Amino acid sequence: MISTKGITFSYTEDQLFHMPDLHCDAGSTILITGDSGKGKTTYLHILAGLLKPKTGEIFVDKTNIASLSEAKGDKFRGKHIGLVLQKSIFIAAFTVLENLEMASWLATGKKNTERAKRLLEQLDIADQAGKLPSQLSIGQQQRVSIARALMSEPKVLLADEPTSSLDDKNAEKVIKLLTDLSKEYKAALVIVTHDARIKEKFINKITMV
Amino acid sequence: MITKLAWRNIWFKPLNTILSIILLTSSVAIITVLILLEKQFEEKFNSNIEGIDLVMGAQGSPLQLILSSVYQVDAPTGNISFDSAKVWMQNPMVKRAIPLAFGDNYKGFKILGTTSEYLEKYGAKISEGKIFEKNFEVVVGSEAAQKLNLAIGDEFFGSHGSAEEGEVHEHYAYKVVGIISATGKVVDNLIISNIPSVWQMHGSHEEEAHEDEENPVHGEVGHIHEEGDEHEHHEHEITIDEPGMEITSVLLQMRNPMAKLTWQRIIPQNTKMQAASPAIEINRLFTLFGVGIDALRYLAYGIMLISGISIFIALFNTLKERKNEFALLRVNGAGRRQLLKLVLIESLLLCIVGFIFGTILGRVGLMLISKSSESDFKLSFNPYEFIWDKEGWLLLLTLLVGIVAALIPAIKAYTLNISKTLAHA
């Protein structure tokens, strides 16, 4: 479960963004849409605790992550928030499986190889486990990103433009995976997108203006 | 897991890594060789001059006299009259005087005529057999015995002078009667006989020439010189008391430290000999070497500095590409400190690998140096010795280079703005 109240944010003194309040329960999905430059990604980074809001509260379950210290915020994010990034970023020197293990190790201190293998299986890329991320196709990379975001059993799954670089078929596949998996693992799913292809699929929407 | 990542990262860009490691390895190797060489060299040189205050010998270069008489590496300066040397050897200020007479060599190993005091001075004990008593009986140093494959009872002919190719003295054969235990000093590489052996060996040579001219004296017309016969010509055995003989030098230990100084002046003033102090000459030699050693050392530190810069450039260059990776780690819950640690560990791993390779390469180098110095000077070094304090400092220095090189990249990683990095990914 994630909910926000009265968030404002500013990069500079004279510029203030008001972020709309949102609420998303475990297992359900909310879409944040809007044109470029309206602060969608900024909002997502605030939700992930990567940026500190000027005012306001962000509750993940019962924790107000806006009030956490940086070190605690890092730990909390690792454990409870999964992030699927717009562009796939990996540890280039690690294999796919090791990338997943690393995510789990940073969050919990355990490699959790079993879970990594199961997720890869579910995402239909188990045979790519031993490869380097750079050897995978973009669609496969995106699925590894999803698997990685789910490694620490997060309460919230945040996805930043997860379909922007994919073709229709893959985009649909990724959205289906995200929604299915977040339901299965009981995570609140927040998707930031301007992709018209997926807007119509969701009822729960916030538009940033 | 951080260390594993660091290890993978340094091998992900192998060219950068190999360059850094090669530079580090070469600087560590040079310094290691210098450390070992300097220490073992000084040890060897100092252990051999223990108990020798002065060396009395023919005039010439004092350093040459010391090198030839104490270390057996250079040619002797010439001969001195044993009779006039005895005058000084019997002086009450002398505690111990050991006469030396250089004669021949056997396959490059010097045959030295001296007294049993020479062995005592070096603390050399007879491990097998007995000490030489009669002329042409020899005891063999442990290494010489091993390399020449000599055992008690073996006989061999010496070659004249110190060159292996010298003329072979076939009139008399040396007979091995004893083997000396290992001392770690020059004795190990010597074959030692009494002084009269040397005299007789060379005396016979002159007499033989003499004899050829005046063959009729023997009056045996038609006598054919056959090898076995020659021995018969010299029935009387030369002893240490034979007058008018020459020796090469005398090792002196003095009772009075003042005499060490005054004799260096008095002897050349009153005789045709000189008295040189090994301590002074070796000091002079080390000073000469010192310039070269210092130059090499600065070179090695220079290379280490360059390797530090190379690590810095490698880390700094990849930092741009790895910004995203660092941001990702932070997203996954890594703290700033873990990133700092990652960069530092990468640099330190390079340094440790470089240090290990350097230490090994340095020892391989020393082994090669030892081999060539062994065949040229009978001077060997032990590559397996570890000088913990100096090499420990070298390790610390190497690690320090690694830390300094990683400092700026590590701080950059530490202060990375994740949100900005991800937004521009």
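Colleague: Why do we say that strand β4 of chain A and β10(A) pair?

Modeller: Two strands pair if DSSP finds at least two bridges between them. Strand β4 (residues 29-34) of chain A and β10(A) have 4 bridges. Take A:Thr33: its bridge partner in β10(A) is A:Thr207.

Colleague: What kind of model is this, and how are its parts labelled?

Modeller: The model is predicted, with pLDDT of at least 70 needed for local features and 80 or more for side-chain atom pairs, while totals for chains, interfaces and linings use all residues. Residues count from 1 along each chain as its sequence is written, and chains are lettered from A and ligands numbered from 1 in the order in which they are written.

Colleague: What makes a stretch a helix or a strand?

Modeller: DSSP runs decide: H or I over at least four residues is a helix, E over at least two is a strand, and numbering starts at the N terminus. By that rule chain A has 7 helices and 10 strands.

Colleague: What does the same rule show for chain B?

Modeller: A compact globule of 425 residues would come out near 22 Å, but chain B has 32 Å. Its C-alpha atoms fill a box of roughly 115 × 50 × 35 Å along the principal axes. Chain B is divided into domain 1 (2-45 + 286-423) and domain 2 (54-276); these bounds come from an automatic or database domain assignment. The C-alpha centres of the two domains lie 52 Å apart.

Colleague: Back to chain A. Which strands form the open sheet, and in what order?

Modeller: The order is β7-β8-β9-β4-β10, with parallel pairing across 5 strands. Why are β7 (81-84) and β10 (205-208) of chain A edge strands? Each pairs on one side only. Neighbouring strands are turned by 15° against each other on average, direction ignored.

Colleague: Which strands does helix α1 of chain A touch?

Modeller: Helix α1 (residues 40-48) packs on the sheet and touches β4, β7, β8 (156-160), β9 (188-192) and β10 of chain A. Its direction makes about 155° with that of β8(A). Such angles run from 0 to 180 degrees between N-to-C directions, with axes fitted to C-alpha atoms, for helices over the stretch in contact. Helix α6 (residues 168-184) of chain A also packs on the sheet, touching β4, β8 and β9 of chain A.

Colleague: How do you know whether A:His45 is buried or exposed?

Modeller: Count C-beta atoms, placed from the backbone, within 10 Å: 20 or more others means buried, 12 or fewer means exposed, and in between is partly exposed. A:His45 has 24 such neighbours, so it counts as buried. A:His45 sits in helix α1 of chain A.

Colleague: What is A:His45 in contact with, beyond its neighbours within four places in sequence?

Modeller: Contact means that the C-beta atoms, placed from the backbone, lie within 7 Å. A:Leu50, A:Leu51 and B:Ser419 qualify.

Colleague: How many residues does each chain bring to the contact between them?

Modeller: Chain A brings 23 residues and chain B brings 20. On the chain A side, α1, α2 (70-80) and α3 (96-108) each supply at least two. Helix α2(A) gives the most, with 6 residues.

Colleague: What makes a residue on that side nonpolar, polar or charged?

Modeller: Ala, Val, Leu, Ile, Met, Phe, Trp, Tyr, Cys and Pro count as nonpolar; Asp, Glu, Lys and Arg as charged; the others, Gly among them, as polar. The chain A side divides into 15 nonpolar, 3 polar and 5 charged residues.

Colleague: Which way do the residues of β7(A) point?

Modeller: In a regular strand the side chains alternate between the two faces of the sheet. A:Ile81 and A:Leu83 point one way, A:Gly82 and A:Val84 the other, and all are buried.

Technical notes
Contact = placed C-beta atoms within 7 Å. Rg over C-alpha atoms; globule rule 2.2 N^0.38 Å.
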